[in-house]
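Hi everyone, thanks for coming.

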Amino acid sequence: MAEAARTDWNSELEHFEIEGTPDQKAMFYTSLYHTMINPSVYMDVDGSYRGLDHNIHRAEGFTNYTIFSLWDTYRAEHPFLNLVKPGRNADMVESMIKHEQQSVHGMLPIWSLMGNENWCMSGYHAVSVLADAITKGVFSNVDEALAAMVSTSTVPYYEGIADYMKLGYIPLDKSGTAASSTLEYAYDDWTIYQTALKAGNKEIAETYRKRALNYRTIYDTSIGFARPRYSDGSFKKEFDVLQTYGEGFIEGNSWNFSFHVPHDVFGMIDLMGGEGTFVQKLDELFSMHLPEKYYEHNEDITEECLVGGYVHGNEPSHHVPYLYAWTSQPWKSQYWLREILNKMYKNDINGLGGNDDCGQMSAWYLFSVMGFYPVCPGTDQYVLGAPYLPYLKMTLPNGKTLEIKAPGVSDKKRYVQSLKLNGKVYDKMYITHEDILKGGVLEFKMGASPNKRRGLSPEDKPYSLTNGINE
């Protein structure tokens, strides 16, 4: 049995071939192993399993899965599986839809475990997983998925949804996580909008496009940060953008959570004061000293998981280093990503700068080492950073290979001078899922100082729902 397990794991891990130091290899393959633990199979050999309704069901034509830590894993773990194990992720999506159909609430899983719903964390992020799988061609039953998504997002008694649908935000007097949940719902609603477009349902698409812009309701443009509001429309009076509890945000502060608009980055930039102010806030986030008083009583945030005021050890900020790609200074992502990789991921007993959270921390690492990341699951785009290793080859599920070459890359030579995709100059700040699946070679030329001219034209920028708040 031990030998069989060893053989099975080696066949999983050999999809990647890398060059690097022994520590880098240990970190890479350990991270890959972490992404393959959960979600996990939940059924007997004949396909029977105990469902959410506690009746016995049989998985027909799919493998049933459980352990859906969705507040964490929708960000990178499920997108990673879409890339390397699409068949398994399709089964996970089907498992989530069956959960919704067995739910007395008609809801997709929030955080489900062994036929039980834990109701842990916020948002309804299963909709993101469904949308991403559909966008990337991994799951094809769009109508069934859309029905489950709409049902989930309209349960009036679930964490502020009735007020959210009426007011465009969740009031702080009704929910302690009012501001962060409003931001999370707006992104989730954008994924429903995307799925409705795929289904050709213009009415649902328009409804959820409007809901996707609800994030705008809680930005206080006088300070350029997200700020919770009360039922009467007024903003919270005493407000500290650095405080991680008591300010309307779950496991985070306004300074980090205000960047949580992955689906409409240009709109967010406007609300935060324009590009100059936006970049300044990003710079300050990574370079500031966050006094201990702001997190000392927060069990999910410790000094070890911080880079300045950026909280890598907890998930809401994971896309933030990539947001420079939408600005005139995309090279700053290349600087900070390597800082985060070096500090938060070590071949050591305390090697992760936070809880791995069912593979999310490790999936972030794997994407970032490859040089790109799914900032907005539900699009077909991965935003480019910079590769961490001189060579990596990924064998794709279709049998093709993608080679990522970055000769001489190091802590000093961390900046992308130029990039070629299959021999052609490539200046975009993103690469598509389709481009990756075609296989080929991504060749990065690295240097010790940034190339400040790459990726600046409008067509080089990644997806944004709008071009700004006036659209």
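So, the chain has 16 helices and 20 strands, where helices (H or I, at least four residues) and strands (E, at least two) are DSSP runs numbered from the N terminus. Its radius of gyration is 21 Å, close to the 23 Å that the globule rule gives for 471 residues, so the chain is as compact as a globular protein of that length. That radius is taken over C-alpha atoms, and the rule is 2.2 Å times the number of residues to the power 0.38.

A quick word on the source: this is a predicted model, where local features need pLDDT of at least 70, side-chain atom pairs count only at pLDDT 80 or more, and totals for chains, interfaces and linings use all residues. Residues are numbered from 1 along each chain as its sequence is written, and side-chain values use heavy atoms, with hydrogens and water left out.

How much of the chain is buried? Buried residues make up 61% of the 471, with buried meaning under 20% relative accessible area, exposed over 50% and partly exposed in between (1.4 Å probe, protein chains only).

Now, let's look at helix H14, residues 331–344. Here 10 of the 14 residues are buried, so H14 is largely enclosed by the rest of the structure. Among the buried ones are Trp 331, Trp 336, Leu 337, Ile 340 and Leu 341, and also Lys 332 and Arg 338. What covers them? The cover for the buried residues of H14 includes helices H13 (275–287) and H15 (360–370), along with strand E17 (415–421).

Note on methods:
Expected span 1.5 Å × (residues − 1). Contact = heavy atoms within 4.5 Å.
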